[in-house]
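This briefing walks through one protein chain for a reader who is new to structures. Please keep the sequence and the 3D view open while reading.

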Amino acid sequence: SGKVLTSDLYFAPTKNGNSVTFRADAGNGRYFEQTYALTPDNYRIDYRIAANGLETVFTQKQLNFFWENHLDKLERNQTYERTMSSIYFKSADKTDYCDCRKDDTKNLGDKPVQWFSHSNQFFNTSIVAQGFNFSQFTGEVKVFGDADQDLKRLRTSVVVPFDNWSANMAIYSGPNEFERLRAFGVSLQDVIPFGASIFGAINRWVIHPMMNFLASFIGNLGIVILVLTLLVKLLVYPLTYRMVLSQSKMAALKPRLEELKKKHGDDQQAMSVETMKLYGEYGVNPLGGCLPVFLQMPIWFSLYRFFPASIEFRQQSFLWATDLSSYDSILQLSFHLPFGAGAHISLFTLIWVVTTLWYTWYSMKQMDASQMQNNDQMKVMKYMQFTMPVFFMFFFNNFASGLTLYLCFSNILNIGQTLVTKEFLIDKEKI
């Protein structure tokens, strides 16, 4: 075939300080060699390939680089591990990746590639070109099933230019630590699956720095999550206060709403118009409770990706949770729950469901009871508000316990804020 495979050559090693050179001797001063130099206190390896006197062997001044990697199953939650493992690569100024959920192949042809990476949920091995770009990049991902020994098979092939009979690269083989990867200066931190949308930006530049800041003086990451939740609740408290104030006004207006109902009878349209007019007169916003929730939703969506992607939370415990990057479990089941909920029971998820249902019941008490009973739309809304937490329990059961812990803290603080505001900060007599 005219090809020379390095796997068929015999390489003799030579150690020199923190580097080792593997040389395949072709006689008469001719050789092909690979040198690896370790970097102190880092996961970086400087990698150099060089040749001497092999002009007749290399018909073209380039090398075909092929890399195959079988990813082991390392983590507790294989769903997260499978969907957060792939081949990443940087072409021009854009970082891209092969599909994480199914078999995929990416072929870039002549487009230059600065680096490529085989990454699983918390660790990666990346190869970065130094002073040149790779070409003819092909990345192939094969996804294996739960019964297979390996998680995925990753294959990458590129062409390395060999103009001066040498080429320099940097290899990173270590944890997905944001600042360590960012220090390469080539966007290598993009292999951390924080997300590519606005939620990914929130994770990288808001939540991650805030978590690092809090962790610098708080030893337990569960407490860090509690403090983060408290900070978010304090930021949205002005809206929470207005929501509770509006609910208190709605409760005080119940007698007047009863009078309107007697006046208009079954005329729902007239009743709705008069009710909204009354609400407007006294500054009541029946949808005011939605705004604090709406403003927190970007944080919730971001944290959904943040906890299972952050190595800082891997194998970090809090209360009964042994790994904040994976689900917590108080009971292992002999069968799998529906909707991908797993074969376990998450206590943080149960606490979230119970507190959500209680707060929903408490909020419903503040609304006009007769209107709830006679308005079909309100009946549907009431039904949905009580059934949705139970429905979401199956999805949250397999989520990272860092996220469900945050949701539990959020619910408990929300209940506390509401009760304190209603009992101590609002003048009931004035209302």
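The largest nonpolar core of this predicted model has 45 residues, and those with the most contacts inside it are M211, I225, F306, F307, F313 and L324. Two or more residues each are given to this core by β13 (166-175), α2 (178-182), α3 (198-215), α4 (221-235), α8 (290-309), α9 (347-365) and α12 (401-425). The largest share comes from α12, which supplies six residues.

**Helices**

- Helix α9, one of the elements that give two or more residues to the core, has 19 residues and reaches 27 Å from its first C-alpha to its last, which is close to the 27 Å expected at 1.5 Å a residue.
- The buried residues of α9 are F348, T349, W352, V353, T355, T356, Y359, T360, Y362, S363 and M364.
- Helix α5 (residues 237-252) has 16 residues, and its span of 22 Å from the first C-alpha to the last is close to the 22 Å expected at 1.5 Å a residue.
- In α5 the buried residues are T240, M243, V244, S246, Q247, S248 and M250.

**Strands and sheets**

- As background for this part, strands of a sheet pair through backbone hydrogen bonds, either parallel or antiparallel.
- Four strands make up an open sheet in the order β5-β12-β11-β8, and their pairing is antiparallel.
- At the edges of this sheet are β5 (62-72) and β8 (104-107), each of which pairs on one side only.
- On average, and with direction ignored, neighbouring strands of this sheet are turned by 5 degrees against each other.
- Within the sheet, strand β11 (residues 135-143) and strand β12 (residues 150-161) run antiparallel and are joined by seven bridges, and R153 in β12 is the bridge partner of K142.
- Elsewhere in the chain, strand β14 (residues 331-337) pairs with strand β15 (residues 342-345) in the antiparallel sense over three bridges, and the partner of L331 in β15 is I345.
- These two strands, β14 and β15, form a hairpin with four residues between them, and F339 in the turn has a positive phi of about 60 degrees.

**Aromatic rings**

- A pair of aromatic rings is described by the distance of the centres and the angle of the planes.
- The count comes to 35 aromatic pairs in this model.
- One of them is formed by F11 and F32, which are edge-to-face, with 6.5 Å from centre to centre and 65 degrees between the planes.
- Because F11 lies in the segment before β1 (12-16) and F32 in strand β3 (residues 30-38), this pair ties together parts that are 21 residues apart in sequence, and both F11 and F32 are buried.
- Another pair, F116 and F137, is tilted, with 6.3 Å from centre to centre and 50 degrees between the planes.
- This second pair links distant parts of the chain, with F116 in strand β9 (residues 113-119) and F137 in strand β11, 21 residues apart, and F116 and F137 are both buried.
- One aromatic cluster is formed by Y304, F339, W352, F391, F392, F394, F395, F396 and F399; among its members, F339 is the residue in the hairpin turn and W352 is one of the buried residues of α9.

Terms used:
Residues are numbered from 1 along each chain as its sequence is written. This is a predicted model: local features need pLDDT of at least 70, side-chain atom pairs count only at pLDDT 80 or more; totals for chains, interfaces and linings use all residues. Side-chain values use heavy atoms; hydrogens and water are left out. Two strands pair if DSSP finds at least two bridges between them. Axes are lines fitted to C-alpha atoms, for helices over the stretch in contact, and angles run from 0 to 180 degrees between N-to-C directions. The expected span of a helix is 1.5 Å times one less than its number of residues. Buried means under 20% relative accessible area, exposed over 50%, partly exposed in between (1.4 Å probe, protein chains only). Rings of Phe, Tyr and Trp (its six-membered ring) pair if their centres lie within 6.5 Å; planes under 30 degrees apart count as stacked, over 60 as edge-to-face and the rest as tilted. A nonpolar core is a set of buried Ala, Val, Leu, Ile, Met, Phe, Trp, Tyr and Cys residues joined through side-chain atoms within 4.5 Å.
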